There are 6 protein chains.
Amino acid sequence: MPYVNIKITREGASKEEKAALIAGVTELLQKVLNKNPATTVVVIDEVDTDNWGIGGEQVTERRKRGS
Amino acid sequence: MPYVNIKITREGASKEEKAALIAGVTELLQKVLNKNPATTVVVIDEVDTDNWGIGGEQVTERRKRGS
Amino acid sequence: MPYVNIKITREGASKEEKAALIAGVTELLQKVLNKNPATTVVVIDEVDTDNWGIGGEQVTERRKRGS
Amino acid sequence: MPYVNIKITREGASKEEKAALIAGVTELLQKVLNKNPATTVVVIDEVDTDNWGIGGEQVTERRKRGS
Amino acid sequence: MPYVNIKITREGASKEEKAALIAGVTELLQKVLNKNPATTVVVIDEVDTDNWGIGGEQVTERRKRGS
Amino acid sequence: MPYVNIKITREGASKEEKAALIAGVTELLQKVLNKNPATTVVVIDEVDTDNWGIGGEQVTERRKRGS
């Protein structure tokens, strides 16, 4: 019954891509730890680039510089 | 001074229902552990059904099948 | 299928008290939002008082002063 | 490589204020624990005042009373 | 630069199994969303079975019944 | 009433260092967003290096290579 929270920047992930993340993580937990897929929960948070920082800087600014 | 995070799918919980969750959890922590309501914090996250998976599948798809 | 995370300071909550929190939160979500208890997940984190701050101060220090 | 999550009520924090939080937390972790800024991640969540409770009550209601 | 938090019950996951989860999730995010592995962070929390509830009940109790 | 969660690897942060993080983050939120220190909550999680991954690899392994 694992719980997985995936946080990514909000930059247009499609419904299908999110479905692939959910399926892939659930399968990984079954393969590695024999966890029951039926009770594996995955929650994806999409975060505005103004609200995500790395290296002390907003991702919005990094993207402008091409990083 | 507990901190409680409640994650639910975004499917139309009303302001009154959210108030009832906040009041109920705060009361529960006071009753069970004698925690001071004044410093009990509750945060509710509503998550799109595309972003919530269980059983390796998006809730959006489960809802379509009537689950 | 809600997910609830309860964070409390590590100050001797018993197994029975934790069971009461789990049962109480699950029931609250069923009562208020008609959520299915079978897929409601509750995770309790107990945090050392050195690692919890409020008012800019460790709980360890507040406890010494009787707060 | 610390990860910091800051949750605040959604009440109009500007892009510049969020940048200041990101820079400030990253600097603090470098100063106190010598953590490498390049791999320090900061995520800011802004939460609706209906979804944030303290003292068993929604912040929306507290704001109405001037708290 | 995704951040992934995996919560599992503390039931003896080995160092190698945890390494497989970290590698697998990082690879999945690269494959599905083209995320840079160098800045993908994965944190695994192992939670005591007394502190994890599902169906309104502690996992400790469920395990005793063979669930 | 912000809530801040700081996750760091468990590598010997002292009580004083943790106090400095708590005080520093609380002060930052007051300075930048005028948040009331009295209701600012900070929780520090220390995570085993086997349970923290970056670049698809456990921090334990990175430390062995001197990273």
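A salt bridge here is a side-chain nitrogen of Lys or Arg within 4 Å of a carboxyl oxygen of Asp or Glu. Keep that cut-off in mind for this predicted model, where A:Glu11 forms a salt bridge with E:Lys35 and the closest N and O atoms sit 4.0 Å apart. Across the interface of chain E and chain A, the rule picks up two salt bridges.

Polar contacts turn up here too: five residue pairs make one across the interface of chain E and chain A, with both residues at pLDDT 80 or more.

## What chain E brings to the contact

Four elements of chain E each put at least two residues into the side that touches chain A: strand S1 (3–9), helix H1 (15–33), strand S3 (52–54) and helix H2 (59–64). H1(E) gives the largest share of that side, with nine residues. Sorted by type, the residues of chain E that touch chain A come out as 17 nonpolar, four polar and five charged.

As for the totals, the contact takes 26 residues from chain E and 26 residues from chain A. Putting chain E and chain A together buries about 2,200 Å², and carbon and sulfur atoms give 77% of that area.

## Strand meets strand

How do strand S1 of chain A and S1(E) run, parallel or antiparallel? They run antiparallel, with five bridges joining S1 (residues 3–9) of chain A to S1(E). Within that pairing, A:Asn5 has E:Asn5 as its bridge partner.

Which surface does each copy use? Of the interface residues of chain E, 100% are also interface residues in chain A, so the copies meet through the same surface.

Chains D and B are related by another rotation: turning by 120 degrees, with 0.0 Å of shift along the axis, superposes chain D on chain B at an RMSD of 0.0 Å. This is the relation of a three-fold axis. In chain D, the C-alpha nearest that axis belongs to D:Asp45, 5.7 Å away from it.

Key:
Residues numbered from 1 in each chain as written. Chains lettered and ligands numbered in written order. Predicted model: local features only at pLDDT ≥ 70, side-chain atom pairs only at ≥ 80, totals over all residues. Heavy atoms only, no water. Contact = heavy atoms within 4.5 Å. Buried area = accessible area lost by both parts, 1.4 Å probe. Polar contact = N/O pair within 3.5 Å; in protein donor to acceptor, adjacent residues only side chain to side chain. Nonpolar A, V, L, I, M, F, W, Y, C, P; charged D, E, K, R; others polar. Pairing = 2+ DSSP bridges. Least-squares fit on C-alpha atoms with pLDDT ≥ 70 in both.
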